[in-house]
Amino acid sequence: TENKGQTYKIDPIREIKELNALGKYEEAVKYAESVATLNPDQPKIYTWWGISLVKSGKNEEAIEKFIKSSNLDATYGKTYLYWGLTLAMDGKSEEAVEKYKKVIELDSENSNAYAYWGAALEQLNQHANAVEKLERALEINPKNTNVFNILIDALFHLERYSEAWEAVKKARELKVTIPKNSLK
């Protein structure tokens, strides 16, 4: 049978996610760019274009896409989450914290936003605040593996050793690998 003139719908976001999952970051960037050219008012395309750029090591360009996405739709939490991560990767922890706060405004139950916020606070040596955010992340999702290493280090800095060992125990139950330097 022939399929003349038949069109197929492709979800461009899914396509970009798949390319990234396969490690085809440059392809994902090019694809996102072509989709954005045809759909310049779709904020999620810019977010995923930005994510692809980060994976390609192009953080500055990525931030431009996150800004564009947030200007089109200020309610898409993923934009701010990845924007924050990108800032944190560039050593801009204070700016990253602002983005994580925005994610929490949009979705108060986002465990990863609290985890990354806690990590940024830990980078700023705000250990007590970091512990508070990290514990909130675990309240929301007790199996959030992004939390444990940072929580253990923050508790150690606060000399709350027994709590740090409790966190190690929980992490081991979830089969989270704790770096040897944290265990020392």
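**View 1. The whole chain, element by element.** From the N terminus on, the elements of the protein run α-α-α-α-α-α-α-α-α-α-α, which amounts to 11 helices and 0 strands, where helices (H or I, at least four residues) and strands (E, at least two) are DSSP runs numbered from the N terminus. This is a predicted model, in which local features need pLDDT of at least 70 and side-chain atom pairs count only at pLDDT 80 or more, while totals for chains, interfaces and linings use all residues. Residues are numbered from 1 along each chain as its sequence is written, and side-chain values use heavy atoms, with hydrogens and water left out. The C-alpha trace spans about 70 × 40 × 30 Å along its principal axes, and 42% of the 184 residues count as buried, a term that means under 20% relative accessible area, with exposed meaning over 50% and partly exposed in between (1.4 Å probe, protein chains only). Among the contacts (heavy atoms within 4.5 Å) with a separation of 6 or more, 47% come from residues 24 or more positions apart.

**View 2. The largest nonpolar core and Trp 117.** The largest nonpolar core has 53 residues; such a core is a set of buried Ala, Val, Leu, Ile, Met, Phe, Trp, Tyr and Cys residues joined through side-chain atoms within 4.5 Å. Trp 49, Phe 66, Tyr 100, Trp 117, Val 147 and Leu 151 are the residues with the most contacts inside this core. Leaving aside residues up to four places away in sequence, Trp 117 touches Val 97, Tyr 100, Lys 101, Ile 104 and Lys 133.

**View 3. Helices α3 and α4.** Helix α3 (residues 43-55) packs with helix α4 (residues 59-72) at an angle of about 165 degrees, and their axes are 8 Å apart; axes are lines fitted to C-alpha atoms, for helices over the stretch in contact, and angles run from 0 to 180 degrees between N-to-C directions. The angle therefore makes α3 roughly antiparallel to α4, since angles over 145 degrees count as roughly antiparallel, under 35 as roughly parallel, 65 to 115 as roughly perpendicular and the rest as oblique. Residues making the contact include Tyr 46, Trp 49 and Leu 53 of α3 and Ala 62, Phe 66 and Leu 72 of α4. By class, this contact of α3 with α4 has 9 nonpolar, 4 polar and 4 charged residues, where Ala, Val, Leu, Ile, Met, Phe, Trp, Tyr, Cys and Pro count as nonpolar, Asp, Glu, Lys and Arg as charged, and the others, Gly among them, as polar.

View 4. The axes of α1 and α3 are 10 Å apart and the packing angle is about 10 degrees, so the two helices are roughly parallel to each other. Pro 12, Ile 13, Ile 16, Lys 17 and Asn 20 in α1 meet Lys 44, Ile 45, Trp 48, Ile 51, Ser 52 and Lys 55 in α3. Asn 20 lies in helix α1 (residues 12-21) and counts as buried because its relative accessibility is 6%.

View 5. Thr 86, in helix α5 (residues 77-89), counts as buried at 2% relative accessibility; not counting residues up to four places away in sequence, Thr 86 touches Val 54, Asn 59, Ile 63 and Phe 66. Glu 95, in helix α6 (residues 93-106), counts as partly exposed at 44% relative accessibility.
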